[in-house]
Amino acid sequence: MATLDVIVDKLVELWKIPAVRQRFPWIFLVISFVGSVLQYLELVPQTYFSSSKNALNVYFVKLSWGWNLLLLTPFLLLSYSSSTRSRYFLGRRLLSLVVATAIWYFCTETFFYIEDLTGSCFETDTLDVIKKEFASKASCRRAGFHWLGYDISGHSFILAYSALLIMEETAHMASLKRASLSALPRMVLNLLYLALNLILIIWVWMFTCTSVYFHDVHQKLLGTICGLLGWHLTYRVWYLNPLSPGLPPQPHRVGQKQHA
């Protein structure tokens, strides 16, 4: 497993670089804007990823929150198993996942509500005959018709938010490299950390595909901003307060009080 250790060490060193962590959130705004410009100018050819039926979208993005919880929960459980105050730290980190899940649920449900509130059901995709008896997107589509409303990009929101959540909750891996763990827990922890980084790459890639192939520019930017706000208001504002789940232990964060 020497190769795994080397890969994990490289990833840990990458995320320890302050500039990487500081600029990573801005990448999503840049990708969203540049991708929208390329889409408008029709400079990106149609590919496998321009179809919503591609495997990454069907099996990963549509189940993205489940993937986040499936990998982050055991990572956190194992991360704090060697700590003398493991229950205290673990409880706060699991609470941060509850908060993140609440933000995800509230935002996605709000997006659905706005699309229902602003939309209409049409008989065909030419949008010439309105079916007034259908008042929601779900009922309209079940009947085989087409719904048109203001569709804030849920993909842009959840992919940006998920990637930033993973960045924050895996930041303490640097200190875990020095923890006294036996061989098996260490290997499992490394595998989970690697899997989280791989899924983060998938989220960034699919965010890019969303930016160049789907939605209008304002729908994508609004979804992206919602994701960035959800992250910023928690990890950069509320979690600095003692009455919060607090931040994960981050030894490289100088001069910033930890409450985790």
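This is a predicted model: local features need pLDDT of at least 70, side-chain atom pairs count only at pLDDT 80 or more; totals for chains, interfaces and linings use all residues.
Q: Why is Phe122 called buried?
A: Its relative accessibility is 10%. Buried means under 20%, so Phe122 counts as buried.

Q: With which residues is Phe122 in contact, leaving aside its neighbours within four places in sequence?
A: Phe122 is in contact with Leu127, Asp128, Val129, Ile130, Lys131, Cys140, Phe145, His146 and Leu148.

Q: What makes the phi of Glu42 worth noting?
A: Most residues other than glycine have a negative phi. Glu42 is not a glycine, yet its phi is positive, at about 55 degrees. Glu42 is found in the loop between helix H2 (18-40) and helix H3 (55-59).

Q: How do you know whether Glu42 is buried or exposed?
A: Glu42 has a relative accessibility of 71%. Exposed means over 50%, so Glu42 counts as exposed.

Q: Why is His215 called partly exposed?
A: The value for His215 is 23% relative accessibility. His215 is found in the loop between H9 and helix H10 (217-237), and has a positive phi of about 65 degrees although it is not a glycine.

Q: Which residues lie nearest the centre of the largest pocket?
A: Of the 27 lining residues, Lys62, Phe112, Gly154, His155 and His215 lie nearest the centre. The pocket has a volume of about 720 Å³.

Q: Which element gives the most to the lining of the largest pocket?
A: H5 gives the most, with five residues.

Methods: Residues are numbered from 1 along each chain as its sequence is written. Side-chain values use heavy atoms; hydrogens and water are left out. Buried means under 20% relative accessible area, exposed over 50%, partly exposed in between (1.4 Å probe, protein chains only). Contact means heavy atoms within 4.5 Å. On a 1 Å grid over the protein atoms alone, a cavity is a set of points where a 1.4 Å probe fits but cannot get out, and a pocket is an open set with protein on both sides within 12 Å along at least five of seven lines; lining residues have an atom within 4 Å of a point. Grid points are joined across faces, edges and corners, and a volume is the space filled by probe spheres set on the points. Helices (H or I, at least four residues) and strands (E, at least two) are DSSP runs, numbered from the N terminus.
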